[in-house]
Amino acid sequence: MTKDAPEKISLSDLRIEKLSKRHNKIIDNFQSSNKELKDFLVEDALDNQEMAISTTYLWFFNPKNELAAYITILADAIRIHGTRLGKSFVDQGVNYKTLPAMKIGRLCVDDNYVKKGIGKQTTYFAMKKMIRMNEVIGCRFLVVDAKPDSVKFYKKMDFEVLKQREKGTLPMYYDMIKLIKYFKENKTKLSKAKEESIL
Ligand SMILES: CC(C)(COP(=O)(O)OP(=O)(O)OC[C@H]1O[C@@H](n2cnc3c(N)ncnc32)[C@H](O)[C@@H]1OP(=O)(O)O)[C@@H](O)C(=O)NCCC(=O)NCCS
């Protein structure tokens, strides 16, 4: 590691808790320069969860017992009609206009914890949830409306752009099919992969 490279946080130093009322005080201390993402956590995340609109998971850095990040996930559909992705399905004889997806509704790493590998781990966490979900229902894509500042991060995570937009958020997707097939065929490896933090 070079002198200036940020130190990565190990998955074993993180713990995940589903958001609940007992976190009210803790979430007040969460720091993000992105006001909308902080406000969502404090004002809306729990209400949305209680209404079954989305589910939020808090990520704590154990050595300091600090809230380091949160991720909010929900069910969604990806509209592929008229896109290059849609055409690739038509070529395979699949003519649906939309396909099932899970959405990263919100993802935010506390300002003090950015670039330490936590965003990557939270994204892997969403992927792992999707693999489990596929044991019960079909769900093909992990999607996000990426804020301009986070597009490079999602590209690094191998998300692709669904369609270009002039302004605002950018619709991006990750096709889960290879991972879903891999873990279907190698079920026992899932727990090992978790230990190794691949997922
Ligand atoms: C975007 C965000 C979630 C990334 O989380 P993070 O914990 O800082 O990212 P990680 O450390 O896990 O980075 C994973 C990889 O992406 C790269 N990366 C992260 N942010 C990047 C950026 N802004 N530009 C370029 N690369 C970036 C990292 O260098 C790392 O690469 P590596 O694996 O080769 O080392 C975080 O910066 C954040 O919460 N930002 C503010 C809110 C936001 O924009 N949320 C997204 C809403 S859609």
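# Structural briefing

The structure is a predicted model, in which local features need pLDDT of at least 70 and side-chain atom pairs count only at pLDDT 80 or more, while totals for chains, interfaces and linings use all residues. Residues are numbered from 1 along each chain as its sequence is written. Helices (H or I, at least four residues) and strands (E, at least two) are DSSP runs numbered from the N terminus.

**Ligand surroundings**

- The ligand is surrounded by 20 residues, and Val114, Gly119, Lys120, Ser150 and Lys152 are the closest; a residue is near the ligand if its C-beta atom, placed from the backbone, lies within 6 Å.
- At least two residues of this shell come from each of β4 (98-109), α4 (118-133), β5 (141-146) and α5 (151-156).
- By type, the shell holds nine nonpolar, four polar and seven charged residues. Here Ala, Val, Leu, Ile, Met, Phe, Trp, Tyr, Cys and Pro count as nonpolar, Asp, Glu, Lys and Arg as charged, and the others, Gly among them, as polar.

**Nonpolar core**

- The largest nonpolar core has 44 residues, of which Ala69, Phe141, Leu142, Met172 and Tyr173 touch the most other members. Such a core is a set of buried Ala, Val, Leu, Ile, Met, Phe, Trp, Tyr and Cys residues joined through C-beta atoms within 7 Å.
- Two or more residues of this core are given by each of α2 (35-50), β2 (55-61), β3 (66-79), β4, α4, β5, β7 (170-175) and α6 (177-185).
- In soluble globular proteins, nonpolar side chains tend to be buried together.
- When residues up to four places away in sequence are not counted, alanine 69 touches Trp59, Cys108, Val109, Asp110, Tyr113, Ile118 and Thr122; contact requires C-beta atoms, placed from the backbone, within 7 Å.

- Asparagine 34 is placed in the loop between α1 and α2. Its C-alpha atom is separated by 9.2 Å from that of aspartate 111, 77 residues apart along the chain.
- The 16 residues of α2 should span 22 Å at 1.5 Å a residue, and this agrees with the 23 Å between its end C-alpha atoms; the expected span is 1.5 Å times one less than the number of residues.
- A kink of about 55° in α2 is centred on aspartate 44, where the bend is the angle between axes fitted to the seven residues ending there and the seven starting there.
- Phe40, Leu41 and Ala45 are buried in α2. The buried residues of this helix pack against α1 (24-28), β2, β3 and β4.
- Alanine 52 follows α2 and has a positive phi, near 60°.

**Lysines of helix α5**

- Lysine 155 is in helix α5 and is partly exposed, because 14 other C-beta atoms lie within 10 Å.
- Lysine 155 and leucine 46 are 109 residues apart in sequence, and their C-alpha atoms are 29 Å apart in space.
- Lysine 156 also lies in helix α5; it counts as exposed because it has 11 C-beta neighbours inside 10 Å.
- From C-alpha to C-alpha, lysine 156 and lysine 120 are 9.2 Å apart, although 36 residues apart in sequence.

**Loop residues with positive phi**

- Asparagine 65 is in the loop between β2 and β3 and has a positive phi of about 50° although it is not a glycine. With 9 C-beta neighbours inside 10 Å, asparagine 65 counts as exposed.
- Lysine 115 lies in the loop between β4 and α4, and its phi is positive, near 60°, in a residue other than glycine. Lysine 115 counts as exposed, with 12 C-beta neighbours inside 10 Å.

**Arginine 79 in strand β3**

- Arginine 79 lies in strand β3 and counts as partly exposed, with 17 C-beta neighbours inside 10 Å.
- Lys97 and Thr98 are in contact with arginine 79 when neighbours within four places in sequence are left aside.
- Arginine 79 and lysine 97 are 18 residues apart in sequence, with 5.9 Å from C-alpha to C-alpha.

Methods. Buried ≥ 20, exposed ≤ 12 C-beta atoms within 10 Å, placed from the backbone. Contact = placed C-beta atoms within 7 Å.
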